[in-house]
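Thanks for coming. I will go through one structure today, starting at the ligand and then moving to some aromatic rings.

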Amino acid sequence: MKVMAFVGSSRKEGNTKKIIDTICGSVTESGHEVEIYNLAELDNKGCRACNACQTNKVEYCVIDDKMTALLPKIVEADCIIVGTPVYMLQVSGHTKNFLDRLYTFFVEADNTSKLRPEQKYITVTCSGAPAVAFKNVTEYLNMIFGGYSHMINAGNIIAGNLSGKDDILSQPEILKQAEEIGRKLVIEL
Ligand SMILES: Cc1cc2nc3c(=O)[nH]c(=O)nc-3n(C[C@H](O)[C@H](O)[C@H](O)COP(=O)(O)O)c2cc1C
């Protein structure tokens, strides 16, 4: 089983990363492969709207950066985990830049997706406000991965009341949920 996790926080060891590490810990302890990427370090140059991906000029993307190198791996992954802090009421800029680059997987011509319906996804969102305030961010991510891409939802973690980078450590119920989502993923794949 191949799992790819993407952390959209500018804080390297913040709450989003800690939750993702907990999910991934359950996966690796069962001997499965996990790769965790910090989106801030991907040198993502951003979608240029050149439409080369939609006109079959390239398999995935003309941009020469680390993000393009990851695109074929994303299609092959059994599960992708996308974690983002809430920045200015939405996903972080690093996360949005990442999501824009997934446009290559959408086939506009017939409204299908190159992502496979048997692939799973998990989302993690962290906000300063109480969790209930930003369910819309999770709904947005579900629309992209579950809706447009027809992937299977393997869990949504919505964590709130997080200000300091270690605040999640005082919410053991969320870390337990993360652990369980990771374990369930291993059992079901
Ligand atoms: C630029 C910026 C914008 C933010 N905007 C919001 C916001 O709109 N709503 C909110 O509840 N929290 C907001 N926060 C707080 C973060 O969502 C929160 O601290 C989160 O836990 C950060 O994740 P991290 O610990 O993984 O870095 C913002 C933080 C930053 C740095």
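Start with Asn15: a polar atom of its side chain sits 2.8 Å from an oxygen atom of the ligand. Keep in mind that this is a predicted model. Val86 also has a polar atom by a ligand oxygen, at 2.7 Å, but here the atom belongs to the backbone. Leu162 uses its backbone too, with an N or O atom 2.8 Å from an oxygen atom of the ligand.

How much of the ligand does the protein bury? On its own the ligand exposes 640 Å², and 74% of that is buried by the protein. Two elements, α1 (15-28) and β3 (79-87), each give two or more residues to the shell around the ligand. The largest share is from β3, with 3 residues. In total 17 residues surround the ligand, and Ser9 and Thr16 are among the closest. By type, the shell has 9 nonpolar residues, 7 polar and 1 charged.

Now the rings. The whole structure contains 5 aromatic pairs. One of them is Phe6 with Tyr37, which is stacked, at 5.5 Å between centres and 20° between planes. Phe6 is in strand β1 (residues 2-7) and Tyr37 in strand β2 (residues 33-38), so this pair ties together parts 31 residues apart in sequence. Phe6 is buried, with a relative accessible area of 0%, and Tyr37 is buried at 16%.

Phe6 also pairs with Phe98, this time tilted, at 4.5 Å and 35°. Phe98 lies in helix α3 (residues 93-101), so that pair ties together parts 92 residues apart in sequence. Phe98 is buried as well. Together, ring pairs link Phe6, Tyr37 and Phe98 into a cluster.

Methods. Residues numbered from 1 in each chain as written. Predicted model: local features only at pLDDT ≥ 70, side-chain atom pairs only at ≥ 80, totals over all residues. Heavy atoms only, no water. Phe/Tyr/Trp six-rings, centres within 6.5 Å; stacked < 30°, edge-to-face > 60°. Helix = DSSP H or I, 4+ residues; strand = E, 2+ residues; numbered from the N terminus. Buried < 20%, exposed > 50% of the residue type's maximum accessible area, 1.4 Å probe, protein only. Near = heavy atom within 4 Å. Polar contact = N/O pair within 3.5 Å; in protein donor to acceptor, adjacent residues only side chain to side chain. Areas by Shrake-Rupley, 256 points an atom, 1.4 Å probe, with all protein chains shown as cover. Nonpolar A, V, L, I, M, F, W, Y, C, P; charged D, E, K, R; others polar.
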